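User: Could you take a close look at one part of this model for me and then walk outward from there? I'd enjoy one connected account, with the cut-offs spelled out as you go.

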Amino acid sequence: MKNAVINGTGSYLPERSVTNQDLEAKLDTSHEWILTRTGISSRHVASEHETTSFMACKAAEKAVEASDIEANDIDLILVATCTPNHFFPSMACHVQKALKISKPIPAFDVSAACSGFVYAMDIARQYITSGTVKHVLVIGSESMSRALDWSDRSTCVLFGDGAGAVVLSASEKSGILASTLHALHDEEALLSYPNYATEPHKAFIGMRGNEVFKLAVNIMGDVVDEVLQDCHLQKSDINWLIPHQANIRIIQAIAKKLNLPMSQVIVTIENQGNTSAASIPLALDYSIREQRIKRGELLLIESFGGGMTWGAMVIRY
């Protein structure tokens, strides 16, 4: 049985950066208030032409360039997003066109909010280990700024835009060792994003932050234990934690549960904010291009998002 191994990564961030000081001029908030509670200092905000599909395509091109394959070698494209600029054609089909892939491969989007990338990586792994495909392009791309009420200081300070991509390839080497995914209907609407077509009067992201924070910390501790048990590893075996970048306090709490120093945690939230399904692949590409993580090291990725959805994965890079 072949394993799913990271072959190449890529990312894209919009040119425009919005700082906390920029928001101070428009909202009843401050740089210090935002930074101390979230860890965010600035976030990238997409311009009109930088759509979710545009950013996905740019990240995908870089991931393919960084791999040892050509675009036409790709057998499957998955895009994790909760902010598509079209429901169809899918973002994945836009990427297929941008990469000039001539064969009619399967391409589809995955909707699991902030956990979308972990979900998509697990789907890719199943395709590869079953022998169905050899190379899968997995992307997380989000235009969160278009889903925000910019007068709501409880949400608009948190999110940013961007895209990250990974080429997974079949290999005899170790790659994805284990993963676990979960979902449970959010009956209390702690975190939601209504459809504009059906609820235009409230079609923005809504969140009850304190309750989401407490739930995320508790659940992520459990799912980390679960995935480590699945691959017969100890917390001390993990070299790097690459978490969903939602809130620095959540990240610190997960690191504490793992007994990992923050020097072994990839943190990009300060200058990117919460980019939902794009945050983990953005952080992964950053850490690889900065040569922080090395081949053979063990990575733990984990995420929690609307749905509620959550999941974790252990990868031998």
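Analyst: Pro-89 sits in the loop that runs between strand 4 (76-80) and helix 4 (91-98), where helices (H or I, at least four residues) and strands (E, at least two) are DSSP runs counted from the N terminus. The bond joining Phe-88 to Pro-89 is a cis peptide, with omega about 0 degrees. Please keep in mind that this is a predicted model, in which local features need pLDDT of at least 70 and side-chain atom pairs count only at pLDDT 80 or more, while totals for chains, interfaces and linings use all residues. Residues are numbered from 1 along each chain as its sequence is written, and side-chain values rest on heavy atoms, with hydrogens and water left out.

Met-308 belongs to the loop between strand 12 and strand 13. As background, most residues other than glycine have a negative phi, and most peptide bonds are trans.

Asn-259 is not a glycine, yet its phi is positive at about 60 degrees. Its place is the loop between helix 8 and helix 9 (269-272), and Asn-259 is exposed, with a relative accessible area of 66%. (Exposed means over 50% relative accessible area, buried under 20%, and partly exposed in between, using a 1.4 Å probe and protein chains only.) Gln-291, also not a glycine, has a positive phi of about 60 degrees. Gln-291 lies in the loop between helix 10 (279-289) and strand 12 and is exposed at 58%. Just after helix 5, Gly-131 takes a positive phi of about 85 degrees.

Helix 5 itself is worth a stop. With 10 of its 14 residues buried, helix 5 is largely enclosed by the rest of the structure; among the buried ones are Phe-117, Tyr-119, Asp-122, Arg-125 and Ile-128. Its length also checks out: at 1.5 Å a residue, the 14 residues of helix 5 (residues 116-129) should span 20 Å, and the end C-alpha atoms are 20 Å apart, which agrees. The expected span here is 1.5 Å times one less than the number of residues.

Now to the packing of helix 7 on helix 8. Two packed helices are described by the angle between their axes and the distance between the axes. For helix 7 (residues 209-230) and helix 8 (residues 248-258), the axes come within 10 Å and cross at roughly 35 degrees; axes are lines fitted to C-alpha atoms, for helices over the stretch in contact, and angles run from 0 to 180 degrees between N-to-C directions. On the helix 7 side, the meeting residues include Phe-213, Met-220, Gly-221 and Leu-228, and on the helix 8 side they include Ile-250, Ile-254 and Lys-257. Sorted by class, this contact has 10 nonpolar, one polar and two charged residues.

Gly-221 is buried, with a relative accessible area of 11%. Setting aside residues up to four places away in sequence, Gly-221 touches Ile-254 and Lys-257, contact meaning heavy atoms within 4.5 Å. The C-alpha atoms of Gly-221 and Ala-255 are 34 residues apart along the chain and separated by 9.4 Å.

A nonpolar core is a set of buried Ala, Val, Leu, Ile, Met, Phe, Trp, Tyr and Cys residues joined through side-chain atoms within 4.5 Å. Of its 46 residues, Leu-228, Leu-241, Leu-258, Leu-300, Phe-304 and Val-314 touch the most other members. Two or more residues each come from helix 7, helix 8, strand 12 (298-305) and strand 13 (309-316), and the largest share, nine residues, is from helix 7. Phe-304 reaches, among others, Cys-114, Ala-216, Met-220, His-244 and Trp-310, again not counting residues up to four places away in sequence. A second, separate core has 34 residues, including Ile-128, Ile-288, Ile-301 and Tyr-317.

Asn-20, in helix 1 (residues 20-24), is buried at 0% relative accessible area. Ser-145, in the loop between strand 6 (135-143) and helix 6 (153-156), is buried at 10%.

Definitions and conventions
Ala, Val, Leu, Ile, Met, Phe, Trp, Tyr, Cys and Pro count as nonpolar, Asp, Glu, Lys and Arg as charged, and the others, Gly among them, as polar.
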